[in-house]
Amino acid sequence: MPMREALRIALREEMLRDERVFVFGEEVGAWQGTHRVTQGLLDEFGEKRVKDTPISEMAIAGLAVGAAMAGLRPVAEMMTINFAFLALDAIVNHAAKVHYMFDGQFTVPLVIRAASGWGNQATATHSHTPEPIFAHFPGLYVACPATPSDAYGMLKASIRDENPVLFTESIALYPKPGPVTEDPDFTLPIGKGDIKREGRHVTLVTYARGVEWSLAAAKELAKDGIEAEVVDLRWLRPLDLDLVFESFKKTNRAVIVEESLPMYSFGSEIAAQIQDNCFDYMDAPIKRVSAMDVPLPFAREIELMALPNVQKVLDAVEEIL
């Protein structure tokens, strides 16, 4: 099933399982969700648990924090992550810190779902992948699923957890199909990555849409006898560094593939961690593949030039083999 359907089923099952779970945001009810993830929920659960809100990301995030502190399990939807910047204070200064600042007297079990990504000619202001910015702050979990099955299991785990989660969903991956379990109790552990393809010559560290590019590149490399291992981080915080280190110690080479911008990026953090912890295993410089360091242009051809793709991953691998 498509990822958007896997997310919808996960939401519905968690609402059936726990009456404290409710969803709200712009167009989640009467309009059935901008990306159709909340389709049908208003008819089934009613306006008490499926609430449309004004276009005010700060108000949405603030309501989520207050509801979570009061004992509910809010799942807020932001139409796109581009406008989550308007809600930074509620997300960063409150959701992420309340548990620490009040010495554990309060927990903030909320989930903020946000569509992320670029490549749809949405122009510079609507084409962000700022997940690493949010992962910068301790106290906030950041999820980045790459497959329908992972999205299903990770969202259910996020809703059940006591900590605040920014759950990012790649717009490009919403329609991509994949198998999903029918077990309503299936969850994936928070902070655990996954080996999406085994290999022994080079490690491709990635997440979200980068998994698609990396798997396609690995398939091409295999035609020349090069076995690339694809490490899907799944979570940017907590971060499964042990999985990265284990793979790197096997292949001794790494390319980090991300959709985000290159400066002060997640790829920079992974490269530094490998350098610090696996230096003796390093046989080549670590390479990064990311978007170009520019506001994304509108023109289709120029937009595609600025984005990562399979060929850029292949070129990076060729440089270090």
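Buried here means under 20% relative accessible area, exposed means over 50%, and partly exposed lies in between, with a 1.4 Å probe and protein chains only. With that in hand, take strand β1 (residues 21-25), where V21, V23 and G25 point one way, F22 and F24 point the other way, and all are buried. So much for cover: five of the five residues of β1 are buried.

A word on the ground rules. This is a predicted model, in which local features need pLDDT of at least 70 and side-chain atom pairs count only at pLDDT 80 or more, while totals for chains, interfaces and linings use all residues. Residues are numbered from 1 along each chain as its sequence is written, and side-chain values use heavy atoms, with hydrogens and water left out.

Helices (H or I, at least four residues) and strands (E, at least two) are DSSP runs numbered from the N terminus, and two strands pair if DSSP finds at least two bridges between them.

| Strands | Bridges | Facing residues |
|---|---|---|
| β1 and β3 (residues 73-78) | five | V21 and R73 |
| β1 and β2 (residues 50-52) | three | G25 and D52 |
| β8 (residues 202-206) and β9 (residues 228-232) | five | V202 and A228 |

The β8 and β9 pair sits in an open sheet of five strands, ordered β7-β9-β8-β11-β12, with mixed pairing. At its edges are β7 (194-197) and β12 (287-289), each pairing on one side only. Neighbouring strands are turned by 25° against each other on average, direction ignored. Helix α12 (residues 310-320) packs on this sheet and touches β8, β11 (254-257) and β12, where contact means heavy atoms within 4.5 Å. The direction of α12 makes about 175° with that of β12; axes are lines fitted to C-alpha atoms, for helices over the stretch in contact, and angles run from 0 to 180 degrees between N-to-C directions.

Now for a helix pair. Helix α1 (residues 3-17) packs against helix α7 (residues 148-160) at an angle of about 30°, with the axes 8 Å apart. That makes α1 roughly parallel to α7, since angles under 35 degrees count as roughly parallel, over 145 as roughly antiparallel, 65 to 115 as roughly perpendicular and the rest as oblique. From α1, the contact includes M3, L7 and R17, and from α7 it includes P148, Y152 and R160.
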